[in-house]
Amino acid sequence: RDGGFIARGYDAALDETRSLRDESRRLIAGLERDYRDTSKMANLRIRHNNVLGYFIEVRPNQADQLAAAPGPKGEEKFFHHRQTIASAVRFSTADLADLETRISRAAARALATELEIFARLVAEATAPATAAAIAAAARALAWFDAAQGFARLAREADYVRPKVDASLAFHIEAGRHPVVEAMLRGAEGAAFVPNDCDLGSKRETEDGGSRLWLVTGPNMAGKSTFLRQNALIGVLAQIGCFVPAAAAHIGVVDKLVSRVGAVDALARGRSTFMVEMVETAAILNQAGPRALVILDEIGRGTATFDGLSIAWATIEHLHSVNRCRALFATHYHELTALAAKLDELSNHCMRVKEWKGEVVFLHEVGPGTADRSYGIHVARLAGVPEAALARAEEVLGALEKGEKADQLSRLADDLPLFAAAPRPRPGARGTTEPSPVEDALRTIDPDALTPRDALDLVYRLKALLPKAD
């Protein structure tokens, strides 16, 4: 609607109209220069306002001289009086009025000309023969654009060409998450840790493996990343893109279904757990042998035994009824016992290393099961107060010893929470006892410190800090 969409040089009449519209200041300046030369008045000005439009302005003592002055070609009574104000007298001329009319009409005429040209082009482009040619060209350009984008991504990110066939294989060597890897590369941080995944059936593919993986391990260790990266690799392979891996053999996937995250739909009467169950039901009712399924933490939104039972039954159904390729991440370590019963189920876990009382996440997937979830360690990373963490460790110890009835009753009797928690060391997060550093700071008068005293104070406070374990 604002114009400016027809290129210069396409239509001469449009270019002339635009020049008049866009170069009005230059044209007015030229006319002003001619009137100064004619009237011999160096301070003559051509001005503009919304009431009078364009007008010539001189000082009051010059009004009679301008009224008697001839025009540029010797015309008599060339300058016509329009208005007198306290500080100036204003005049007009036929040339100035004509130029003003042409300038005011030029913008509207330019836009109207552009719209006419555009309407003509639209009529030409939508003619049946032309439209078919344009659509074919657009399809070809879109194909080249997608192919060029895939090629550039494969070259710059070191992707490989996958083997895609009609088998039920899903064999990934050193697979990587395309988005997480790109973020790490952009931040110049640690390199992404690649992992293998082999969901090919032991009986139906040459790759071997198990078509259902049960993945255990701590939070923050990379279970969700592992699940999603394999789903993304499957999608990339089937749209014709190279994949972030050292090698990949993927049998055609007819359906990719997932159950990850925790969301609710309260406005529709669905709690978080209800949404989880609805999505689980959709998977179990729809997934066939060619489907790829990723499930993250089924059954966590209800009581422990309820959730464990649902997760247990879901695994059995995926294995024996759906018979699909699936990755199932869980914190229910009891589910790992199913590997002895289900021949196409195998246990895998996220590798961790304990060093000097700390947990190091290696982000590696390997065969086997995790014996712990390290949830308290993750809580510590999140900043939960030390007193609450100490209490959690005490409760966890009692639960792990199997003293569920009497021990838990005793723990409940120990409430309030902080009465039973061991006293944190001075200065630790959550403590209320003043530390030596705090005591020292209370005796300091900042305004009385010299620069040398301030430096000495920094060293003294550093010496008062508790030694690291």
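**A nonpolar patch, a buried histidine and a capped helix**

Phe5, Leu115, Phe118 and Val122 come together in a nonpolar surface patch of about 350 Å². Patches here take residues with over 30% relative accessible area and no salt bridge, joining nonpolar side chains (Val, Leu, Ile, Met, Phe, Trp, Tyr) within 5 Å and like charges within 9 Å; a salt bridge is a side-chain nitrogen of Lys or Arg within 4 Å of a carboxyl oxygen of Asp or Glu. Areas come from the Shrake-Rupley method with a 1.4 Å probe, and for residues only the protein chains shown count as cover. Val122 sits in helix H4 (residues 94–125) and is partly exposed, at a relative accessible area of 35%. On this scale, buried is under 20% relative accessible area, exposed is over 50%, and partly exposed falls in between (1.4 Å probe, protein chains only).

All of this is read from a predicted model, where local features need pLDDT of at least 70, side-chain atom pairs count only at pLDDT 80 or more, and totals for chains, interfaces and linings use all residues. Residues are numbered from 1 along each chain as its sequence is written, and side-chain values use heavy atoms, with hydrogens and water left out. The mean pLDDT (the predictor's confidence in each residue, from 0 to 100) is 84, and 88% of residues reach 70 or more. Where pLDDT is low, the predicted coordinates should not be read in detail.

As for the overall fold, the protein has 15 helices and 14 strands, taken as DSSP runs numbered from the N terminus (helices H or I, at least four residues; strands E, at least two). Of its 469 residues, 36% count as buried.

Helix H9 (residues 304–322) holds His319, which is buried with a relative accessible area of 6%. Its side chain makes a polar contact with the side chain of Asp343 at 3.3 Å. Such a contact is a pair of N or O atoms within 3.5 Å; within protein, one must be able to donate a hydrogen and the other to accept it, and residues adjacent in sequence count only if both atoms are side-chain atoms. Leaving out residues up to four places away in sequence, His319 also touches Arg211, Leu212, Leu342, Glu344 and Leu345, among others.

Asp11 caps the N-terminal end of H1, with a side-chain oxygen 3.2 Å from the backbone nitrogen of Ala13.

Note on methods:
Contact means heavy atoms within 4.5 Å.
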